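This report describes selected features of a predicted model.

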Amino acid sequence: MKRGLSVCVAAVVLALASVASASAAPASAALKLTWMPGYKSPGTPAKYDKVGVIKVGPSKAKNVLVLEPGTSAGAAYFVPLASWLVQTLPGWQVWSVERRENLLEDQSMVNKAKAGKASTQAVFNYYLGWLTNRSITHHFQPVQDANVPYAKGWGLKVAVEDLHGVIAKARKLGGKVVLGGHSLGGSVVTGYATWNFNGKPGADDLAGLVYDDGASFRSPPSADAARQTLQQFMSPSTSPWLPFVPGIPPYDSGLFGTTGGLSAIVAPDKPLANGELQLLPASLKPPVPVTNLAQFGYGTSVATSKLVFAIMAHDGAGIATKPMSNGLYGWNSAGAITPIKRYAQMLSGYPLQNVDGTEWYFPQRLTDDSSAINNGVANPAQAVFGIKDTMGRKLPRRLLMYAFGAYGGPAITQATVALAKQSNIPMRNLMLISRQGAYAHNDPAGAYPKNAFFSALIPFLRRAANS
């Protein structure tokens, strides 16, 4: 067994959160992921030069909110928020972006479980059980780094150029287009808005920008630091993928969200699958036997999680104090801002086929390049990384901006103010809200039915439609 594999197994088992024997309900045909031609990245096979979109809302709606997910997040992450928004705001669609790296994922067994054709135990065996049970011969095959050297080129340029195609299609509808992003997706928003497209900023195509707990900051690395980062990254021994949770192979972090969320929805009151509990590290083991839903909450809730902030939401108070009739302890949702099953849907993509709310393979290069955006002000590191965010002082003065700081708090709103001031955009064009402490990183997209981010987004988009 490879070094660190036992750790990754344990962490993902938390995410699988107990895939017992229940099956999922049939998937809905109402929404689907569609792929369109993307940027032709050097060395990349044509089958991966694509960008995906989940379109939510009436096809006749002319205005489009395009949403870019954050680090290790997929298009389905925004679906609950998007569905709520288009019900509230006639005349708008939401297009949630699926980056090209998600074409590398093996969704086959997840699809079957979502369609009610595979048990959650089968999901566990396929994605994790084979690691310790060699009798399982039909199983998930992780992508080997050596087989995807071209993925080291999937940085900010690829993300921005792919977005350019999406936004061009949205503009053809004849309405207004607003670009928003969560977490690192907020950096990509600035990266697009300030990108030099033949002498014009990307923001010329947009009515507004939306920052959901993410932004670009004026703190680029030096040219020497950028060269060192790039040199190390291009080494054959370095993976193309960001290790979302340190010490754990990248694809396992994605599986945490996908399969953990799935089991929490389709088998919420069932016990952990056979053999899972013994693989959990001590820090992630609940003190009592728990249900799938409780295990998912234990790993994601601000109140209990030992994982990184980027996975957290206010989805409940913790494990229930008394067991259920089956002897298992359920989840206490008291104080939740984001309903736990809603968050599980955001991560798993249930019931949609071929898509989830996580990325199993997130490009390290996108993170590295984003460090040099610098709110669109040219700097030496940009030349090293080959990015063109040089139009940060030439954004259209009519541009509207909405920034919501959750975990990032005032830093998000301050970065947005700085971006506006660079181009003399009047402060009346900005909507700024900070809920640091009250909102976790994933609450803006997940909170329901009360949601401060959503409540301000609706009038912002109305204003954008009339701008």
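Glu 359 and Arg 99 form a salt bridge in which the closest N and O atoms are 2.8 Å apart. The pair links distant parts of the chain, since Glu 359 lies in the loop between helix H10 (340-348) and helix H11 (364-370), while Arg 99 lies in the loop between strand S4 (92-98) and helix H3 (108-114), 260 residues apart.

The side chains of Arg 171 and Asp 205 meet in a salt bridge with an N to O distance of 3.9 Å. This pair, too, links distant parts of the chain: Arg 171 is in helix H5 (residues 156-171), whereas Asp 205 is in the loop between strand S7 (200-201) and strand S8 (208-212), 34 residues apart. Arg 171 has a relative accessible area of 40%, and it is therefore classed as partly exposed.

A salt bridge also joins the side chains of Arg 227 and Asp 224, with 2.7 Å from N to O. Because Arg 227 and Asp 224 are three residues apart in helix H7 (residues 223-233), about one helical turn separates them. Arg 227 counts as partly exposed at 45% relative accessibility, and Asp 224 counts as exposed at 56%, exposure being assigned over 50%.

## Helix packing

Two packed helices are described by the angle between their axes and the distance between the axes. Helix H2 (residues 79-88) and H10 pack at an angle of about 110 degrees, and their axes are 8 Å apart; H2 and H10 are therefore roughly perpendicular to each other, a description that covers angles from 65 to 115 degrees. On the H2 side the contact involves Pro 80, Leu 81 and Trp 84, which meet Arg 342, Gln 345 and Met 346 in H10. Sorted by class, this contact of H2 with H10 has four nonpolar residues, one polar residue and one charged residue.

The axes of H5 and helix H6 (residues 184-193) come within 10 Å and cross at roughly 75 degrees, so that H5 and H6 are likewise roughly perpendicular to each other. H5 contributes Leu 156, Val 160, Leu 163, His 164 and Ile 167 to the contact, and H6 contributes Val 188, Gly 191 and Tyr 192. By class, the contact of H5 with H6 has six nonpolar and two polar residues, and no charged residues.

## Overall dimensions and contacts

The chain has 15 helices and twelve strands. Its radius of gyration is 21 Å, close to the 23 Å that the globule rule gives for 467 residues, so the chain is as compact as a globular protein of that length. Along the principal axes, the C-alpha trace spans about 60 × 50 × 40 Å.

Buried residues make up 61% of the 467 residues in the chain. Of the contacts in the chain with a separation of 6 or more, 77% are accounted for by residues 24 or more positions apart.

## A covered helix and a buried glycine

Helix H9 (residues 292-300) is mostly covered, with nine of its nine residues buried. The buried residues of H9 include Leu 293, Phe 296 and Tyr 298, and among them are also Asn 292, Gln 295 and Thr 300.

Gly 208 lies in strand S8 and is buried, with a relative accessible area of 0%. Leaving aside neighbours within four places in sequence, Gly 208 is in contact with Val 177, Val 178, Leu 179, Leu 399, Leu 400 and Phe 460. The C-alpha atoms of Gly 208 and Ala 464 are separated by 6.5 Å, although the two residues are 256 residues apart along the chain.

Terms used:
Residues numbered from 1 in each chain as written. Predicted model: local features only at pLDDT ≥ 70, side-chain atom pairs only at ≥ 80, totals over all residues. Heavy atoms only, no water. Salt bridge = Lys/Arg side-chain N within 4 Å of Asp/Glu carboxyl O. Helix = DSSP H or I, 4+ residues; strand = E, 2+ residues; numbered from the N terminus. Buried < 20%, exposed > 50% of the residue type's maximum accessible area, 1.4 Å probe, protein only. Axes fitted to C-alpha atoms, helices over the stretch in contact; angles between N-to-C directions. Parallel < 35°, antiparallel > 145°, perpendicular 65-115°, else oblique. Contact = heavy atoms within 4.5 Å. Nonpolar A, V, L, I, M, F, W, Y, C, P; charged D, E, K, R; others polar. Rg over C-alpha atoms; globule rule 2.2 N^0.38 Å.
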